[in-house]
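The sequence and the structure are shown first, and the description follows.

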Amino acid sequence: MIGFVVRLLAGWALGILALSLMPGIERGAVSGTVWSVGATLRGISLHPEITHTTIRLGNAALVIIPECTPLMPALLLGIAMLAYPTPARWKLVGIAAGLLALWAYNVVRMLALIATLALRPGWFKFMHVYLWQSVTLLVVSALFLAWLRFAPPDRVRA
């Protein structure tokens, strides 16, 4: 257990360092988030106006910044999976599935925030800062635990 925690903390430090040295990763995550949310809105027959990193739908305008992307949750999940003693193949499967799940979750989160801005703007701060950040932590934890639960039983090393 101590080895896992040490590997997790070291991986997190390296991940944060890598992101700080390569700002293009954050820019790509922002662009991808804007594109994904815009495409989803168009897919449900809504017509967002997108300007750079702002998604406008009627009177609601959501500015996407790096913290609005699934980048940090995905980094944490991926590092946790890499730090846990399982076979490399299972780590790759988990990271790929986790990235897809977190991306989809984040699109749903952004759609809910746009709806909140449009319908109940007074609730936005609570929804954005408290509810969705807490839910994101729970989603990352649940994905990690599900990954552990479905790991091949004879392959997980303690």
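This is a predicted model: local features need pLDDT of at least 70, side-chain atom pairs count only at pLDDT 80 or more; totals for chains, interfaces and linings use all residues.

Two strands are taken to pair if DSSP finds at least two bridges between them, and strands themselves are DSSP runs of at least two residues, numbered from the N terminus.

Strand β1 (residues 49–51) pairs with strand β2 (residues 54–57) in the antiparallel sense, over three bridges. T51 has T54 in β2 as its bridge partner, and in this hairpin, where two residues lie between the strands, H52 adopts a positive phi near 55°. Strand β2 also pairs with strand β3 (residues 60–63), again in the antiparallel sense, over four bridges. Here the bridge partner of T54 in β3 is V63, so T54 is bridged both to T51 and to V63. The hairpin of β2 and β3 likewise has two residues between its strands, and G58 takes a positive phi near 65°.

Together the strands make an open sheet of three, in the order β1-β2-β3 with antiparallel pairing. Because β1 and β3 stand at the edges and each has a single partner strand, one side of each is left without a neighbour in the sheet. From one strand to the next, the twist averages 15°. Helix α2 (residues 23–43) lies across β1 and β2, and its direction runs at about 20° to β2.

| Pair | Distance between ring centres | Angle between planes | Class |
|---|---|---|---|
| Y84 and W147 | 6.3 Å | 80° | edge-to-face |
| F144 and W147 | 5.6 Å | 35° | tilted |

Why is the pair of Y84 and W147 classed as edge-to-face? Planes over 60 degrees apart count as edge-to-face, and the planes of these two rings stand at 80°, so the pair falls in that class. This pair links distant parts of the chain, as Y84 belongs to the loop between α3 (71–83) and α4 (88–119), whereas W147 belongs to helix α5 (residues 124–149), 63 residues apart. F144 and W147, by contrast, are three residues apart in helix α5, which means that about one helical turn separates them.

Is W147 buried or exposed? With a relative accessible area of 5%, W147 is buried, and F144 is buried as well, at 13%, the cut-off for this class being under 20%. Both residues belong to one aromatic cluster, which is formed by F4, Y84, W90, F144 and W147.

The charged end of R120 sits over the ring of W123, at 5.4 Å from its centre, while R149 lies over the face of F150, 5.6 Å from the ring centre.

Helix α5 also contains T136, which is buried, with a relative accessible area of 12%. The side chains of T136 and Y105 are joined by a polar contact of 2.7 Å.

Technical notes: Residues are numbered from 1 along each chain as its sequence is written. Side-chain values use heavy atoms; hydrogens and water are left out. Rings of Phe, Tyr and Trp (its six-membered ring) pair if their centres lie within 6.5 Å; planes under 30 degrees apart count as stacked, over 60 as edge-to-face and the rest as tilted. Buried means under 20% relative accessible area, exposed over 50%, partly exposed in between (1.4 Å probe, protein chains only). A charge sits over a ring if NZ of Lys or CZ of Arg is within 6 Å of the ring centre and within 35 degrees of the ring normal. A polar contact is a pair of N or O atoms within 3.5 Å; within protein, one must be able to donate a hydrogen and the other to accept it, and residues adjacent in sequence count only if both atoms are side-chain atoms. Axes are lines fitted to C-alpha atoms, for helices over the stretch in contact, and angles run from 0 to 180 degrees between N-to-C directions. Contact means heavy atoms within 4.5 Å.
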